[in-house]
Amino acid sequence: MRKVSGATVAMILGVALYFTLFWGFDALRMLTSPTYGLEDVWRSQFVFGLGRVLGLEPMGLIKLAAFFGVLKLAVAAICAVHIADRFRALAGGKANSEVLEGGLILVVLVCIASAGPAVWSQNVDVVRENAIQLFLAALAVGLCMVERNYARTEETAEPATVAVASGASWFRPWR
């Protein structure tokens, strides 16, 4: 049975590394700031947009920004765990891509939540940034599905060499 190509695994690792680095640094910037990143106008537009939709006051905006900072930190940690799991699998064993898929679901939710206010305010640059992140998350999920499909077909494959008595045949109704 064919194994998943090295390019597929490398692309999954690249996407996980992207979210680990960029979302991790963004989360640390947000969580170490006294106003949870609200002083950066470019990066915090989605918090103000969601706050306007939800009718939040200043303290609610700060709590919402802290919540998104923690979500981004969680995604970065999940992706870092997946990278460590991939390197462990190189030594022997099998990598569990379900952890990464859970983190990518969080990526999709955060990107959709932050793209909505950008669309309402007609900010094309923020929409483009979120669309790229959504594309990367979709690419990684698709590659994880391909990898899981190959693993499933390897488990159900019949043994290649079986001693058969002369004149005997195996019962194979679907072949």
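Start with where two helices touch: Ile12, Ala16, Phe19 and Trp23 of helix 1 sit against Leu100, Leu104, Val107, Val110 and Cys111 of helix 4. By class, that contact has nine nonpolar, no polar and no charged residues. Keep in mind that this is a predicted model.

**Helix 1 against helix 4**

- Helix 1 covers residues 6-32, and helix 4 covers 98-120.
- The two axes, of helix 1 and helix 4, come within 12 Å and cross at roughly 55 degrees. Angles from 65 to 115 degrees count as roughly perpendicular and those under 35 as roughly parallel, so this pair falls in the oblique class.
- As for handedness, helix 1 passes helix 4 in a left-handed crossing.

**Helix 2 against helix 3**

- Helix 2 is the 45-54 stretch, while helix 3 takes in residues 58-91.
- Their axes lie 10 Å apart, and helix 2 and helix 3 pack at an angle of about 130 degrees. Helix 2 and helix 3 are therefore oblique to each other.
- The crossing of helix 2 past helix 3 is right-handed.
- On the helix 2 side, the contact uses Phe46, Val47, Phe48, Leu50 and Gly51; helix 3 brings Leu61, Leu64, Ala65 and Phe68.
- Sorted by class, the contact of helix 2 with helix 3 comes to eight nonpolar residues, one polar and no charged.

**Helix 2 against helix 4**

- For helix 2 and helix 4, the axes come within 8 Å, crossing at roughly 80 degrees. That angle makes helix 2 roughly perpendicular to helix 4, because the perpendicular class runs from 65 to 115 degrees.
- Who does the touching here?
- The contact of helix 2 with helix 4 divides into six nonpolar and two polar residues, with no charged ones.

**The cavity**

- How many cavities of 30 Å³ or more does the structure hold? There is one, and the largest cavity has a volume of about 30 Å³.
- Its lining is made of Arg29, Met30, Tyr36, Gly37, Arg43, Ser44, Phe46 and Val47. Helix 1 and helix 2 are the elements that give two or more residues to this lining.
- By class, the lining of the largest cavity has four nonpolar, two polar and two charged residues.

- Which of its 17 lining residues lie nearest the centre? Those are Asp26, Arg43, Lys72, Glu129 and Gln133.
- Helix 1, helix 4 and helix 5 (124-155) each supply at least two residues of the lining of this pocket. The largest share, six residues, comes from helix 1.
- The lining of the second largest pocket has nine nonpolar, three polar and five charged residues.

Technical notes: Residues are numbered from 1 along each chain as its sequence is written. This is a predicted model: local features need pLDDT of at least 70, side-chain atom pairs count only at pLDDT 80 or more; totals for chains, interfaces and linings use all residues. Side-chain values use heavy atoms; hydrogens and water are left out. On a 1 Å grid over the protein atoms alone, a cavity is a set of points where a 1.4 Å probe fits but cannot get out, and a pocket is an open set with protein on both sides within 12 Å along at least five of seven lines; lining residues have an atom within 4 Å of a point. Grid points are joined across faces, edges and corners, and a volume is the space filled by probe spheres set on the points. Helices (H or I, at least four residues) and strands (E, at least two) are DSSP runs, numbered from the N terminus. Ala, Val, Leu, Ile, Met, Phe, Trp, Tyr, Cys and Pro count as nonpolar, Asp, Glu, Lys and Arg as charged, and the others, Gly among them, as polar. Axes are lines fitted to C-alpha atoms, for helices over the stretch in contact, and angles run from 0 to 180 degrees between N-to-C directions. Angles under 35 degrees count as roughly parallel, over 145 as roughly antiparallel, 65 to 115 as roughly perpendicular and the rest as oblique. A crossing is left-handed if the near helix is turned anticlockwise from the far one by less than a right angle, and right-handed if clockwise. Contact means heavy atoms within 4.5 Å.
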